[in-house]
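Visitor: I'm new to this one and would like a close look at a single part. Could you walk me through a sheet and what lies across it?

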Amino acid sequence: MSTILTALNASSGHDKKDAAPGTQKTLSLNEKLVAAGVLPEYLAEAEAGHKRKGDTGFFELLIRKKAIDEIRLLKILSEHFSIPFWPQLPMESINIDFTQNVPIHYLKKHRMVPIITTDFQVIAVNDPVNFQPADDLRLLLQMQDMPVVLASQDAITAAINLAYDMSRSSAKDYFEEISEETADDLISEINETADLLDETSDAPIIKLVNLLVSGAIKDRASDIHVEPYSGTLKIRYRIDGILYDILNLPRRIQSPFTSRLKIMAKLNIAEKRLPQDGRIELKIADRLVDVRVSVIPTAFGERVVLRLLDKSANILMLSDLGMHDERIKLLDSLIKSPYGIILVTGPTGSGKTTTLYAALSTINRPEINIITIEDPIEYQMDGVGQIQVNPKIDLTFAAGLRSIVRQDPDVILVGEIRDRETAEIAIQSSLTGHLVFSTLHTNDAASAVTRLIDMGIEPFLVTSSIVAIIAQRLVRVLCPHCKEVYTPDKETLANLGLTALILENNTFYRKKGCNLCMHTGFRGRTAIFEILVVDDDIKRLVLKTSDANQINEQAIKQGMITLQQDGIHKVLAGITTTEEVLRVTRSLARKEDIVQET
């Protein structure tokens with residue numbers, strides 16, 4: 001673009017040759033960039049690259065080459081061109097009507113977005129010299145006088161995604177717009193899409209599937225259930241661990257709907273008698289989502305469950321898990337043990353993998369070799385070797401674990417101990433100087449010892465290898481915008497092992513429901529924990545008996561806070577409700593223990 005060289009060589013005020021004698025010369029943009037630390041050769045390379053590629057901006061190439069920080073560059077451009085720089089774009093009350101007339105890919109390509117409110121109308125751009133797209137946008141919006149402001153690429157992309165996400169109708173709204181004639185003819189040509197927000201296909205079944213998946217991501221769902229019955233096709237989302245009915249479709253849509261999902265997951269659409277498993281990789285706005293697809297035949301057709309794994313989600317730290325500071329210190333010291341096994345127990349979907357990865361992120365350093373074997377790999381972590389289990393080629397947990405120990409690891413993560421063979425190899429690995437993390441499906445921490453012995457592991461091997469056992473559950477967090485104070489009845493308190501005396505100095509909250517929490521009263525989840533440290537007293541008891549009740553009682557005597565006790569602490573802190581704690585623990589703790597702890 002010829003304007004690039006013109007802008008680089010032109011001064012922001014009077015030209016140098018016109019400057020009065022004795023006055024300070026105004027620097028050109030080129031000189032300002034060099035003064036900011038951009039090497040002249042980078043300027044030349046960026047200009048040459050811009051001429052070759054055309055559609056890649058000069059300033060974008062400078063940022064890609066890391067010749068200058070984007071924010072610093074935008075401040076220089078703001079001062080030079082006298083264009084305001086907005087570090088944050090106000091998105092609270094913008095008008096999103098423009099999404100009906102302006103394609104999303106056009107704004108993404110030119111890195112600009114209109115910000116229209118009752119107080120002002122501007123176009124946020126990232127490249128001030130690429131003015132033609134901004135002029136075209138003004139024509140599309142019929143707003144010829146809209147000024148431009150500068151904003152970062154991330155801020156513009158986030159604003160674009162938010163505006164178009166807000167403008168998308170829900171799957172329910174869309175289906176209500178479909179006529180009976182259209183509903184009878186939903187089988188259409190099926191094409192894959194890169195970004196569901198960019199999808200502009202008018203094929204009804206494609207649009208319906210896209211709206212359901214993007215809606216699930218928007219509503220923070222972890223699973224989508226597609227369930228055929230005699231007269232309807234029911235769609236349900238699992239949000240914060242609870243299933244909610246989202247949509248009831250006519251039964252005739254079941255076949256094309258399932259076929260669309262199977263094509264996306266690269267499954268055999270002709271096979272309807274056997275279970276099938278597949279996966280879909282999707283990009284929804286700026287989020288990468290890995291979708292695990294499971295199809296099984298039922299009496300009324302194929303039932304499909306989609307597990308949504310947000311690959312863009314950040315790995316939590318120990319402080320993000322919801323533990324008390326003292327327990328964080330305890331866990332931090334345990335995961336820094338030189339060898340041994342640390343087990344995390346709980347039912348499927350209780351956050352065990354998240355806890356393990358929080359532990360790994362704490363100890364992950366260049367001098368430590370960490371290798372994992374998982375099914376599936378739910379988080380990507382730099383500096384960690386991750387192996388995906390593949391039973392089709394006999395790459396099981398046990399087989400993979402045998403190979404891992406020959407890779408000179410310091411820390412090993414085994415996704416799950418499912419059988420005696422895996423348990424034996426994990427124990428042998430811990431006894432030979434490795435720190436092993438793994439999970440078990442048991443109700444509480446003490447039951448993990450019983451489970452291992454039932455698998456055939458000798459008690460002396462259990463006591464020699466296990467450092468600690470962590471049991472956990474997930475409870476829903478009360479929506480901070482609508483939760484309300486209340487006084488629980490005596491029966492509720494009794495179920496938690498509490499007396500009315502607890503009400504004197506503590507406040508209880510219950511759910512209410514608002515638009516921000518989909519009228520559920522909850523938004524998000526946190527974990528409750530119990531940590532059983534296998535010390536000498538516990539070891540001596542395990543060698544005598546594998547009774548989980550006796551082991552649990554001994555651990556409580558030594559100060560272990562149980563799952564229900566930890567849940568009560570979160571109830572008294574206003575984080576969750578008594579019903580939530582009872583729902584996930586399903587057992588009564590001893591009254592005297594809980595009263596003492598609280």
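Visitor: To start, which residue in S8 is the bridge partner of Asp277?

Guide: That's Ser294. Before we go on, this is a predicted model, where local features need pLDDT of at least 70 and side-chain atom pairs count only at pLDDT 80 or more, while totals for chains, interfaces and linings use all residues. Residues are numbered from 1 along each chain as its sequence is written, and side-chain values use heavy atoms, with hydrogens and water left out.

Now, the strands: S7 and S8 (residues 287–298) pair in the antiparallel sense over nine bridges. Two strands count as paired if DSSP finds at least two bridges between them. Strands are DSSP runs of E with at least two residues, helices are runs of H or I with at least four, and both are numbered from the N terminus.

Zooming out, S7 and S8 belong to an open sheet of six strands, ordered S6-S5-S4-S9-S8-S7, with antiparallel pairing. S6 (242–250) and S7 (276–284) stand at the edges with a single partner strand each, so one side of each has no neighbour in the sheet. From one strand to the next, the twist averages 20°.

For context, the protein chain has 24 helices and 18 strands.

How values were computed. Axes are lines fitted to C-alpha atoms, for helices over the stretch in contact, and angles run from 0 to 180 degrees between N-to-C directions.
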